[in-house]
Structure formats: C-alpha cells, structure tokens
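Please examine the model shown below.

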Amino acid sequence: MPSTDLSNDIAASRDDILKQLASVADHPVELVAVSKKQPDERLQAALDCGQRVFGENRVQEAQEHWQHRRDIEGLTLHLIGPLQSNKSEDAVALFDVIQTVDRKKIVRTLSEAAEKLNRFPHLLIQVNTGEEDQKSGVLPADLEELIDYTRATYPGELKGLMSIPPVDEPAGPHFALLKKLADRAGLPWVSMGMSADYELGAKLGATHVRVGSAFFGERKTA
Ligand SMILES: *Cc1c(COP(=O)(O)O)cnc(C)c1O
C-alpha cells in the first residue's frame, strides 16, 4: 500500500475515534495510540497526522520505536505492559507515564531510578478488578495500602488507576469499579477501554483509553 493511503487510513481511524470519544464523554479523554507490534511506517503515519501520545507494552520494543524520536515536540509515551524491577531504570529514562505499577518493589525501584535520573514519570496503579490469578495488577483489597505507600515514597506523582478487564466478562462493571476506586482515593486519571470498548470506557469516566488495532490496523502476530 502506498504510504499516502496508509496515512489517509490512519488519519481517518484517528478522526473517527476522536469523534466517538467526544460524542460519548463530556470530559476530555486522552487517546493513547498503542503502537506495540506495529511497523514503523504506521508509527510515522500516526505522527504525520498529529498523534503524539503512544502506548507500548515492552520497554525494549518501545526503545526501538521511540528512542530516536524522543525529541519530537509533545511526544508522550505510556508504558502499559508489565514492568520487571530490573527494567525500572530503562522505563524511567524513556516513558512519561507508567501505567502498570502493581507492587511495592516496583515503586521502590522506580523511585530509585527517578532520583538517579532526575526524571519523574507519572504513575498509575494497575488494578486486577477481575481478581484473575494470572493477571498482573494489585487486588482491589490491597489497593489502598499500595496507594498510601506510593504517595509516601515515590518522588513524582501518583495520578490514577488502570485496568484490563477479564476477556470473557462484560467490561462495564469492571470500568465502573475502577472509576469508583479512583474517585474514592482522590486520583484524577482512569485508564480503561481498548479497541473493542473504548467508547464504554469513556462513557464510564475514563480519562485515558488505550487503542491499538482500531487505530493502526491489525498487529503483527509474531
Ligand atoms: C495491546 C493493549 C491494548 C490495545 O489493544 P487493542 O485491542 O488493539 O486496542 C490496550 N491495553 C493494553 C494493556 C494492551 O496490552
């Protein structure tokens, strides 16, 4: 496909998503374009149509995608995948927002890295609202303690909560729960909703939606 067609396709998807968000929510909703496993020409097409906020799952892939573009005006990078403590310094060096904090050890290593690099990404805590065994995220019952710990020790700001509902359940109740937990803790940001359900997320109070395939097209599966 010639790159002008690609640019037109991505610009049209983006316009469509932004229109949907504006029509379902009367508060601003940030569109985080999830660029994991997308070819470089699509990233460039997204930049060309004005998109500046991107989400990535893996630190190393994010470095490959964005390190050489870090100076682009307004570029804002969100880590939305699980973080290992030995990658904390790389994550702090690259990302502006880390959405997947889920245990004290990660708060500790992020705090150390932030002090060392003098860079203070905003943090979100990932909540395992479906209480699934295999899923990362703190259980709702343990959230308050992790919020208190993060607020007391992290030298930057804890901004909000994020969740990925179970694939086999309606997302609505999980989104409503996450919004309630954020309100109760006085946290302003709520990251919820992906390609299949970003309108619902926005309707139920998301301040950030994470949209990959509906924005860029299908990902490489390898
Ligand atoms: C991949 C991913 C997304 C985007 O998924 P789509 O269904 O392609 O929109 C959103 N959030 C997280 C945490 C992801 O890993």
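By class, the shell around the ligand consists of six nonpolar, four polar and three charged residues. Here Ala, Val, Leu, Ile, Met, Phe, Trp, Tyr, Cys and Pro count as nonpolar, Asp, Glu, Lys and Arg as charged, and the others, Gly among them, as polar. The model is predicted: local features need pLDDT of at least 70, side-chain atom pairs count only at pLDDT 80 or more, and totals for chains, interfaces and linings use all residues. Residues are numbered from 1 along each chain as its sequence is written, and side-chain values use heavy atoms, with hydrogens and water left out.

**Ligand contacts**
- Among the 13 residues around the ligand (a heavy atom within 4 Å), those that come nearest are Lys36, Ser195, Gly212, Ser213 and Arg219.
- Polar contacts are pairs of N or O atoms within 3.5 Å.
- An oxygen atom of the ligand lies 2.7 Å from a polar side-chain atom of Arg219.
- For Gly212, a backbone N or O atom is 2.8 Å from an oxygen atom of the ligand.
- The side chain of Arg210 has an N or O atom 2.9 Å from a nitrogen atom of the ligand.
- The protein buries 89% of the 390 Å² that the ligand exposes when taken alone (Shrake-Rupley method, 1.4 Å probe).

**The pocket**
- The ligand takes up the space of the largest pocket (more than half of its atoms lie within 2 Å of the grid points).
- A pocket is an open set of points on a 1 Å grid over the protein atoms alone, where a 1.4 Å probe fits, with protein on both sides within 12 Å along at least five of seven lines; lining residues have an atom within 4 Å of a point.
- The largest pocket has a volume of about 460 Å³, the space filled by probe spheres set on the points.
- Of its 23 lining residues, Lys36, Ile164, Met194, Ser195 and Arg210 are the closest to the centre of the pocket.
- The lining comprises 11 nonpolar, six polar and six charged residues.

Technical notes:
A polar contact is a pair of N or O atoms within 3.5 Å; within protein, one must be able to donate a hydrogen and the other to accept it, and residues adjacent in sequence count only if both atoms are side-chain atoms.
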